[in-house]
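Have a look at the structure first, then read on.

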Amino acid sequence: RWRTALILRELEEELMAAESFHSNEKELKKLMNEKENLESQLFEAKLELQRNKNDYGPLSGKSEVQLESIFYALRIQLESLDLKISPLAKLSTELNHPIWGLLMRAGNDKSYLAYQLERYADIYTSRVSNFLALTPFSYLRSPRGSLPHDQDDALS
């Protein structure tokens with residue numbers, strides 16, 4: 001019944017950095033959702049254009065010129081959106097440290113450190129003093145884990 005607790009002092013800085021980036025994170029998420037929608041429209045336009053050129057599948061009734069115009073307009077919108085996304089994405093990778101970024105994140109994924117913490121530490125905290133308010137009988141439970149298909153209400 002051995003339990004493992006890891007004290008990770010750097011966690012405090014990471015949490016402060018993530019909290020300070022929260023409004024930018026919401027904006028980045030909004031822009032990425034917009035980008036996904038535009039990409040979907042772009043791919044539909046590309047498929048329509050391909051079907052029109054090769055005369056197969058359901059045709060939209062639009063001319064090749066109209067479809068190319070739609071396709072290139074969507075590409076321009078995506079490029080413009082990428083110019084807004086890039087600085088925010090770069091900032092998000094430099095949180096807490098300009099080279100290494102966050103300890104617990106690697107882009108949208110968990111870092112290897114986070115993976116190891118999940119696997120080998122029963123609990124982790126930034127200071128032992130965080131346990132002062134607890135009794136020896138306290139039972140510490142982890143929050144419910146999220147899955148890729150779960151709705152992300154944290155940034156809403």
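Helices (H or I, at least four residues) and strands (E, at least two) are DSSP runs, numbered from the N terminus. By that rule the chain has 4 helices and 4 strands, arranged along the sequence as β-α-α-α-β-β-α-β. Please keep in mind that this is a predicted model, where local features need pLDDT of at least 70, side-chain atom pairs count only at pLDDT 80 or more, and totals for chains, interfaces and linings use all residues. Residues are numbered from 1 along each chain as its sequence is written, and side-chain values use heavy atoms, leaving out hydrogens and water.

Now to the overall dimensions:

| Property | Value |
|---|---|
| Radius of gyration (over C-alpha atoms) of the chain | 23 Å |
| Box filled by the C-alpha atoms, along the principal axes | roughly 75 × 30 × 25 Å |

What does the largest nonpolar core consist of? A nonpolar core is a set of buried Ala, Val, Leu, Ile, Met, Phe, Trp, Tyr and Cys residues joined through side-chain atoms within 4.5 Å. The largest one has 11 residues, including Leu28, Leu42, Ala45, Phe71 and Leu88. Helix 2 (22-54) and helix 3 (64-93) each give two or more residues to this core, and helix 3 gives the most, with 6 residues. Leaving aside residues up to four places away in sequence, Ala45 touches Ile70, Phe71 and Leu74 (contact means heavy atoms within 4.5 Å). A second, separate core has 6 residues, among them Leu11, Met104, Ala114 and Ala121.

Methods:
Buried means under 20% relative accessible area, exposed over 50%, partly exposed in between (1.4 Å probe, protein chains only). The radius of gyration is taken over C-alpha atoms; the globule rule is 2.2 Å times the number of residues to the power 0.38.
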